[in-house]
Amino acid sequence: GRQIILFLGRLHSKKRPDIAIQAFNAVHSAAPATHLVIAGTGAPDYIVALRRMVDDLGLRSRVTFTGILLGEAKLEAFSAAKLFVLPSFRENFGISVAEAMAAGCPVVVSDGVDIAGDILESEAGLVCPPESVPFAAAMNKILRTPGLGETMGGNGKRLVMRKYTWERVAAELSGIYDRILSGH
């Protein structure tokens, strides 16, 4: 009966799981059925600091640290999630974002994630600065607007199929090589 908000990635200050926790704190106040799942691994000291933040905010029963998820467990996490978040300062692509969209999960990402433009253009999620207040507002908008998450999830799935499958990427790369070899 809970609405899962998923952060899945390396637990590192660059990816800003702390912002996900702070934003979740605000979201949880308005939507008590929400639960934040933080999936990934990182430096033990950093994970201890994140757990301390969760405890200090009184969220221990509302936040789960799973460690790294692989294979079927990762797919199940994406399928169970009502929303995927990545407040990263900088991502040259964001493979976990594409994986979430492929599973039909709406996303909230920072404007530092390079595929943010595609997400906005396809209406597959929301994009905002990597700060807790805008992230909480974006998360609340998707969670509280009837049908919005489902629509965005479907749009994200279509975006991935149109642009990010292995076949599509390989064909695009082959075209680039052909243009280089032909002198263009």
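This is a predicted model: local features need pLDDT of at least 70, side-chain atom pairs count only at pLDDT 80 or more; totals for chains, interfaces and linings use all residues.
Start by selecting the strands. Six of them form an open sheet, in the order β3-β2-β1-β4-β5-β6, and the pairing is parallel. Go to the edges, β3 and β6 (125-128). Each has a single partner strand, so one side of each is left without a neighbour in the sheet. Neighbouring strands are turned by 20° against each other on average, direction ignored.

**Strand β1 and its partners**

Select β1 next. Of its 6 residues, 5 are buried, so the strand is mostly covered. On one pairing, β1 runs parallel to β2, joined by 6 bridges. Pick Ile-4 and look across to β2: His-35 stands opposite. Then pick Ile-5, whose bridge partner in β2 is Leu-36.

Turn to the pairing of β1 with β4. It is also parallel, and 3 bridges make it up.

**Helix α1**

Follow the chain from β1 towards β2. Together, β1, α1 and β2 make a right-handed β-α-β unit. On the way, stop at Arg-16, in the loop between β1 and α1. Check its backbone: phi is positive, about 55°, although Arg-16 is not a glycine. Most residues other than glycine have a negative phi. Is Arg-16 buried or exposed? Its relative accessibility is 17%, so Arg-16 counts as buried.

Now select α1 itself, residues 17-30. The helix has 14 residues and reaches 20 Å from its first C-alpha to its last, close to the 20 Å expected at 1.5 Å a residue. Colour its buried residues, among them Pro-17, Ile-19, Ala-23, Phe-24 and Val-27. What covers the buried residues of α1? The cover includes β1 (3-8), β2 (34-39), α2 (44-56), β3 (63-67), β4 (81-86) and α6 (132-144).

From α6, pick Asn-140. At 15% relative accessibility, Asn-140 counts as buried. Leaving aside neighbours within four places in sequence, Asn-140 is in contact with Val-27, Ala-30 and Thr-145.

**The nonpolar core**

Show the largest nonpolar core, which has 55 residues. Which of them touch the most other members? They are Phe-84, Val-97 and Val-108. Centre on Val-97. Not counting residues up to four places away in sequence, Val-97 touches Phe-84, Leu-86, Val-107, Val-109, Val-113, Ile-115 and Ile-119. As background, nonpolar side chains tend to be buried together in soluble globular proteins.

**Two exposed stops**

Move to Glu-123, in the loop between α5 (116-122) and β6. Glu-123 is not a glycine, yet its phi is positive, about 55°. Is Glu-123 buried or exposed? At 52% relative accessibility, Glu-123 counts as exposed.

Finish at Met-161 in helix α7, residues 148-163. Met-161 has 57% relative accessibility and counts as exposed. Met-161 and Ala-102 are 59 residues apart along the chain, and their C-alpha atoms are separated by 7.6 Å.

Conventions
Residues are numbered from 1 along each chain as its sequence is written. Side-chain values use heavy atoms; hydrogens and water are left out. Helices (H or I, at least four residues) and strands (E, at least two) are DSSP runs, numbered from the N terminus. The expected span of a helix is 1.5 Å times one less than its number of residues. Buried means under 20% relative accessible area, exposed over 50%, partly exposed in between (1.4 Å probe, protein chains only). Contact means heavy atoms within 4.5 Å. Two strands pair if DSSP finds at least two bridges between them. A crossover is right-handed if, with the strands pointing away from the viewer, the path from the first strand over the helix to the second runs clockwise. A nonpolar core is a set of buried Ala, Val, Leu, Ile, Met, Phe, Trp, Tyr and Cys residues joined through side-chain atoms within 4.5 Å. Axes are lines fitted to C-alpha atoms, for helices over the stretch in contact, and angles run from 0 to 180 degrees between N-to-C directions.
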